[in-house]
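Subject: Structure for your files

Hello,

Here is the structure I said I would send. My notes on it follow below the entry.

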Amino acid sequence: METAKGYAERFTTNLDVILSVMGFGLGLSIISLYYIINLNQKDIGIAILSSCLIYFIFRNKFKSETAISSREDRLKSILEISFYLIFLACIFIYSTNLYYRPISSFILICILAAIIASQILYVREGDGVSSLLLQIFLLSILIRVGIFYNFPSLMGYDAYFHASMARAVTDTGFVAPIETSSKYFYYPLFHIFVSIIQVMGETDIKDAIFYSIGFASVFSTVGVYLVGKKLEGVQMGLLATLLININNHNIVAGITNITPGSLVLCYFIFIIYAIFSENQNLRYTGFILLITILMVLTHQLTTFVVFLSLVSICAGKYLHNRVYKSLFVKTNSFNYILFFIISLQTYWMFTYVNSNTSFLEMVLSPLMDVLKIGSSYSSDVLIVGSINNQETLETLLLHISYLALPFFAIGGVLAWLSHRDIKKVNKFSIALVVIILYSLAYGIPLLGMRNFLTSRWFPLIAVFLVLVSASYILKLISLFNSKKAKIPVMFLIIFLFSFVMVTTPGINKDNPLVAKDTTVRNQFKSIEIEAIKTVTMKYSGNILMDSPYDSCLFYRDRAYDSSNATYFNIQHIQTGEIDGSPTVLLRKSTVKEPISINDPERYGVNIIQTLPEGFFNRFNTHDYARVYDNDEVFAYTKERKTARN
């Protein structure tokens with residue numbers, strides 16, 4: 001018995017070493033499989049291998065103190081003044097460039113993030129942090145304004161649908177009927193929230209979305225600061241807040257494709273803070289229960305991810321209590337999870353995605369199919385990875401953008417499972433959450449189920465990733481003893497991190513620095529919006545256009561039935577034949593900018609390419625008459641041929 005206890009204690013004491021060696025082996029295996037069976041996931045293997053190797057080499061050299069004395073240090077004052085001067089320069093650059101953000105704008109934004117991170121190194125326990133929090137929020141709003149208001153239209157695909165639902169609430173005073181709002185008839189809080197802001201602020205729907213979700217997604221991150229401060233001090237809290245505000249997943253969820261899940265993310269941050277504040281009084285309990293109910297009424301799948309996160313936290317605390325005898329309030333945690341389960345199950349049973357299928361059935365039926373007959377979706381492409389023809393530099397930048405945060409998070413998880421931190425129950429439970437959620441996010445698609453939409457999970461997972469990543473970055477900085485080394489290293493890390501985050505095509509449609517040939521612009525110029533308004537006012541029948549220009553039907557004449565509109569598919573492009581007599585809308589930009597072309601023979605498959613000039617020009621032939629032209633958008637109708645006597 002004593003021998004077993006000794007082995008168990010030795011295992012838990014050296015858990016970080018064991019996991020780092022296992023991670024190194026896993027990364028090496030993934031890289032090896034690239035050369036053996038052409039497994040196109042070597043970038044993931046390199047990230048795992050290098051992160052585990054760096055941690056293993058330096059694990060005994062990390063220090064707990066990274067703060068730099070600010071006494072009589074002129075550099076700190078220079079950094080703070082520089083932030084506001086560069087901030088003003090960014091505003092000037094943005095205001096003088098319509099529909100386009102030059103490379104200087106992105107570089108200056110990255111410098112701003114690096115300046116904030118450098119100032120964080122001066123912060124000690126007990127210092128005021130309001131100035132740094134203000135800088136973080138100003139930077140975050142600057143990034144989001146640059147994306148959101150660079151074009152007069154909205155951005156994203158789902159955002160248009162949800163904006164329509166919110167506008168319907170504003171116009172009628174009621175939630176849109178189920179025939180219009182579909183399953184969101186049962187999840188109306190997001191649309192009501194945006195509508196309230198629109199009415200109270202007397203703004204249009206675009207401004208209402210930004211003033212509500214845009215600001216909420218920024219200011220709610222103060223909860224990340226409070227959690228980080230409790231776990232490891234003000235430096236970690238500030239750096240985690242900076243990371244979540246410049247992380248591309250959270251920028252997407254918070255501004256570039258706003259959905260009800262964006263509001264759930266705000267709720268989630270506050271509920272995590274309430275849980276880790278460990279207050280057991282009635283006020284906090286009531287707050288958690290209220291937020292839980294609001295989440296259930298706001299969105300389905302993102303709330304389910306919140307549930308998985310909270311279950312993982314409780315499981316981590318329970319496991320930690322069993323191994324290390326830490327304090328764990330079993331009854332309250334168990335009762336809360338039970339309340340969450342009952343709320344989700346009950347609501348999912350009585351909300352429908354169509355007239356015959358409840359949301360619960362829609363979620364569970366693919367799982368039952370997989371368990372009974374196996375998966376038909378787990379193809380070689382999913383496991384092996386798609387082959388791309390991009391240049392090496394483009395591929396590297398694109399892959400780093402989604403591997404940078406996990407790279408630091410791996411080191412952070414290992415550090416929090418080391419003998420120094422493993423007895424801290426909150427750190428242990430967060431490390432376990434990261435492991436569980438990432439395993440599920442990658443594992444569920446391999447089972448063949450797409451209806452869990454695990455790609456939507458990452459903004460929620462990032463709430464935990466930024467905590468462990470910030471902790472690890474500070475540990476890496478602590479390896480340097482002199483101020484002359486610490487500040488440049490921190491500056492460089494955050495500058496590069498920011499650059500790969502804010503330049504990704506997902507949040508930079510107007511001027512993608514990489515993947516120009518596969519980035520579809522889904523924001524529209526005033527002249528493109530005006531074309532939709534004019535054509536839909538004159539023609540009530542079928543209108544054929546490109547995707548994503550069909551999203552611009554949000555701005556159509558109110559009398560036009562948007563169900564009459566369709567978009568080009570691959571057969572139109574290949575054959576040049578168009579059935580019927582639709583009004584055809586062509587944007588001049590599509591000859592140079594790629595669009596999304598549907599393949600009707602393969603469900604869910606879209607081909608990204610520019611419109612061939614031959615297809616574009618054929619509408620200038622005698623078969624078609626040009627009925628609208630604003631130099632950017634052209635409308636054509638088939639000429640009617642009269643019979644000769």
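Please keep in mind throughout that the model is predicted. Ser 469 belongs to helix α22, which covers residues 458-477. Its side chain comes to 3.2 Å from the backbone oxygen of Leu 405. Setting aside residues up to four places away in sequence, Ser 469 touches Leu 243, Leu 405, Phe 408 and Ala 409.

Lys 475 is also placed in helix α22. Is Lys 475 buried or exposed? With a relative accessibility of 12%, Lys 475 counts as buried. The side chains of Lys 475 and Glu 232 are joined by a polar contact of 3.5 Å. Apart from neighbours within four places in sequence, Lys 475 is in contact with Phe 62, Glu 232, Ala 415, Trp 416 and Asp 421.

The largest nonpolar core has 167 residues, and the members that touch the most others are Leu 239, Leu 242, Leu 310 and Ile 494. Helix α22 gives the most to this core, with 16 residues. Another core lies apart from it and has 16 residues, including Phe 568, Ile 578, Ile 597 and Tyr 636. As for Ile 494, the residues it touches include Leu 239, Leu 242, Leu 243 and Ile 473, not counting those up to four places away in sequence. Ala 113, Ala 114, Ala 117 and Ile 246 are also among the residues that Ile 494 touches on that count.

**Asn 426**

Asn 426 lies in helix α21, residues 425-446. Its relative accessible area is 11%, so Asn 426 is buried. Which residues is Asn 426 in contact with, leaving aside its neighbours within four places in sequence? They are Lys 230, Leu 231, Phe 276, Glu 278 and Lys 317. Asn 426 and Val 227 are 199 residues apart in sequence, while their C-alpha atoms are 10.0 Å apart in space.

**Aromatic rings**

The count of aromatic pairs comes to 33. One of these pairs is Phe 83 with Phe 87: the ring centres are 6.1 Å apart and the planes are at 20 degrees, so the pair is stacked. Phe 83 and Phe 87 are separated by about one helical turn, because they are 4 residues apart in helix α4 (residues 74-95). Both Phe 83 and Phe 87 are buried.

One aromatic cluster is formed by Phe 137, Phe 148, Tyr 149, Phe 210, Tyr 211, Phe 215 and Phe 219.

Two arginines have a charged end over a ring. That of Arg 167 sits over the ring of Phe 554, 4.1 Å from its centre. That of Arg 618 sits over the ring of Phe 619, 5.7 Å from its centre.

**Backbone points to check**

Most residues other than glycine have a negative phi, and most peptide bonds are trans. The following places depart from that.

- The peptide bond from Ser 547 to Pro 548 is cis, with omega near 25 degrees. Pro 548 is in the loop between β1 (543-545) and β2 (565-567).
- Tyr 99 has a phi near 65 degrees, which is positive in a residue other than glycine. Tyr 99 lies in the loop between α4 and α5 (103-120).
- Glu 202 is not a glycine either, and its phi is positive at about 50 degrees. Glu 202 is found in the loop between α9 (189-201) and α10 (205-219). At 73% relative accessibility, Glu 202 counts as exposed.

**The protein as a whole**

How many helices and strands are there in the protein? There are 26 helices and 7 strands. Of the 645 residues in the protein, 52% are buried. Among contacts with a separation of 6 or more, 73% are between residues 24 or more positions apart. The protein exposes about 29,900 Å², and carbon and sulfur atoms supply 61% of that area.

Regards

Conventions
Residues numbered from 1 in each chain as written. Predicted model: local features only at pLDDT ≥ 70, side-chain atom pairs only at ≥ 80, totals over all residues. Heavy atoms only, no water. Helix = DSSP H or I, 4+ residues; strand = E, 2+ residues; numbered from the N terminus. Polar contact = N/O pair within 3.5 Å; in protein donor to acceptor, adjacent residues only side chain to side chain. Contact = heavy atoms within 4.5 Å. Core = buried A, V, L, I, M, F, W, Y, C linked by side-chain atoms within 4.5 Å. Buried < 20%, exposed > 50% of the residue type's maximum accessible area, 1.4 Å probe, protein only. Phe/Tyr/Trp six-rings, centres within 6.5 Å; stacked < 30°, edge-to-face > 60°. Lys NZ or Arg CZ within 6 Å of the ring centre and 35° of its normal. Areas by Shrake-Rupley, 256 points an atom, 1.4 Å probe, with all protein chains shown as cover.
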